[in-house]
Amino acid sequence: MSLVDVLNVTKEYANGEETIRPLDGVSLSIDEGDYLSLMGASGSGKSTLLNLIAGIDQATSGEINVAGTEITKLSRGKLADWRAAHIGYVFQTHNLIPVLTAYENVELPLLLLPMSAAERRKRVEIAMEAVDLTSRASHYPRQMSGGQEQRVGIARAIVANPTVVVADEPTGSLDDETTEQILQLLSRVNDELGMTLLMVTHDADAGKRAKRQIRLERGRLMENGNETTSTHLRTA
Amino acid sequence: MLGSKLLPWDYGVRNLFRRPSRSALTFGGLTIVVLLVLVVVGFIRGLEKSLAATGNPNVVLVYSLSSAADIENSSIPGSTASLLSASVDGVRRGHGVEYISPELYLGTRITTATVDEPGMGLVRGVTTNAPLVRDRVQIVEGFWPQAGEVLVGRLAHSKLGVQSDDLAVGSEISFDGKTWKVSGRFTAAGSAFESEVWAPLADLQTTLKRQDLSLVAVGMESPQQVADVDMFCRERVDLELKAVAESAYYAALQKHYKPVRMLGWVVVALVAGSGIFAGLNTMYGAVVGRVRELATLQAMGYRRRAILLTLVQEATLLACAAALIACVLGLLLVDGAAVRFTMGAFMLRVDSVGISVACTVAALLGVVGAIPPAAKAMRLPVVEAIKAI
Ligand SMILES: Nc1ncnc2c1ncn2[C@@H]1O[C@H](COP(=O)(O)OP(=O)(O)OP(=O)(O)O)[C@@H](O)[C@H]1O
Ligand SMILES: [Mg+2]
């Protein structure tokens, strides 16, 4: 079985009389160490799919399996605990906590996991080093540039060594030069740290950096011109 | 019950400094609310204490049967004191003197040197036996009054609505057409006597052209013997006397002031209620601007309960700090402040009861003020909240 298995997932929104169905029975498998970019028109359902995999949204039907856990069956509280251990989320607008320093922001997800203070310190330092911001540890978000803030956001997403790192348009609000920096950083997260990455992007060039490129078109998920499937589904 | 991991304590504390002016305003508002609560509770407690301290169960008050509960209306023959001395057993004595205090008690207009408008005062004509029976009375300055002199209680000036200096030893006051010189001051352990003016009985009787008494206060050996005096009064129907233990008399007055105390508690509730609205308003403001941040924390894996607790912590912290300052201010400014009241003056008390009530109100302000806005923010689905501006 793959690391992430999306099985026949549908997401509907009732909008008055009509029903919007951004995801119409999509299936997808992601292996460990994969780096996927997810593209598609605005409103095609990219964020919806990413949020379902990240466990912060509920599918209308279908199953999602991540590292052997069927997250579609977890209660809200259990799902929160599961996210803490398995998901690293990089937001378009970094979403750092303004009253916490860079160091404290990165440390925040670790406070949810059982580990000693020494272990926590070590992990935060490694993550800060990976994004090359050791010197900014004691700075508050307002004291950093947009690119630096996003790097702290990436450090925060990878610090707990999650099963999957998801990023929803991580370069969406950055200039070209900074975008390049962030994309390189994400590639390194995948190459050097071996983390599994799913990135939503509007930018075709950015999308090409990923090992696999998938597209959402009218509720269907396409890869290299074919509809994606689940390995789980194939073996079943 | 707090199975979920909590946010760092620092996060809540630092959030208070995020918008310092707003936090400061809320802090000021909460301090005023808690201070108001302290004042009202201090009023209630002061009133209770003043009445409770006055009643001595060993002392029996004998006054006229027809005066209902009001001693000011009582008129009994001047001979009642010697009659009681001759007729009842168990009267306490010391140094060869029986503890029997004949008294004339009345409310009258008193004029002081500096104020044109006379104030309503309470005057008690007494003999040297009075301090024996009212054993908490203590002269703290000056001397026992001679003819033409008066002894003033510590709060008499408050009752009159004048400055303490207007009743200083040596100053002159006038009532009932005569000028009196203040010979001394007394305290009485917070009891109602402290708002009275004591004059020599004979002198007062002459001035008022009266020969009767209002009451006779008798100190008994034990509270049981109070019943003997009562029995005597019942048997001698012809005397038209009534005997009531002093403690029972003031307990009845307490009951009389029950509506006032109830009103006091209603005011406490109203003030606390308005404080909660102030707290709610601030927390709504604090939470509305942080919807996305709170969603981020949820996306990270923080449970809703942990986030809710952090918001309650923030509000409670602010409210408790306000309570602390209010209690300090209360002890400095409110405690001991004198208040005029129909039956005398008494002091506001900031005691353990007041402080507990104030702290409870503050904690409630924090918790009740934070939960609704926090719950509202938590109800929004994470995916929607994460897009909030
Ligand atoms: N809470 C909601 N209620 C109703 N419709 C919604 C809701 N959330 C999303 N949608 C609809 O679902 C569709 C997919 O939304 P989604 O945010 O996944 O798009 P997207 O591909 O991420 O778009 P973008 O590139 O603009 O971010 C959109 O048509 C949107 O209007
Ligand atoms: Mg989107």
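## Cysteines

No disulfide is counted in any of the chains, a disulfide being a pair of cysteine sulfur atoms within 2.5 Å. Cys320(B) is in no disulfide, and the nearest cysteine sulfur, that of Cys359(B), is 7.0 Å away.

Cys320(B) has 38% relative accessibility and counts as partly exposed, whereas Cys327(B), at 8%, counts as buried. Buried means under 20% relative accessible area, exposed over 50%, and partly exposed in between, with a 1.4 Å probe and protein chains only.

## Basis of the values

This is a predicted model, in which local features need pLDDT of at least 70 and side-chain atom pairs count only at pLDDT 80 or more, while totals for chains, interfaces and linings use all residues. Residues are numbered from 1 along each chain as its sequence is written, chains are lettered from A and ligands numbered from 1 in the order in which they are written, and side-chain values use heavy atoms, with hydrogens and water left out.

## Chain B as a whole

Chain B contains 13 helices and 14 strands. These are DSSP runs numbered from the N terminus: helices are H or I of at least four residues, and strands are E of at least two. Along the principal axes, the C-alpha atoms of chain B fill a box of roughly 95 × 50 × 35 Å.

Of the 389 residues in chain B, 53% count as buried. Among contacts in chain B with a separation of 6 or more, 79% join residues 24 or more positions apart; contact means heavy atoms within 4.5 Å. The chain exposes about 17200 Å², and carbon and sulfur atoms supply 61% of this area. Accessible areas come from the Shrake-Rupley method with a 1.4 Å probe, and for residues only the protein chains shown count as cover.

## Helices of chain A

In helix 2 of chain A (residues 76-86), the buried residues include Leu79(A), Ala80(A), Trp82(A), Arg83(A) and Ala84(A). Their cover includes helix 1 (46-53), strand 4 (61-66), strand 5 (69-70) and strand 6 (87-90) of chain A, together with helix 10 (291-300) of chain B.

Ala127(A) is part of helix 4 (residues 117-130) of chain A. Ala127(A) is buried, with a relative accessible area of 4%. Leaving aside neighbours within four places in sequence, Ala127(A) is in contact with Val106(A), Ala155(A), Ile158(A) and Val159(A). The C-alpha atoms of Ala127(A) and Pro170(A) are 17 Å apart, and the two residues are 43 residues apart in sequence.

## Positive phi in two loops

Most residues other than glycine have a negative phi. Glu169(A) has a positive phi, near 45°. Glu169(A) lies in the loop between strand 7 (164-168) and helix 6 (176-191) of chain A, and is buried at a relative accessible area of 15%.

Asp176(B) also has a positive phi, of about 50°, although it is not a glycine. Asp176(B) is in the loop between strand 8 (172-175) and strand 9 (178-187) of chain B. With a relative accessible area of 31%, Asp176(B) is partly exposed.
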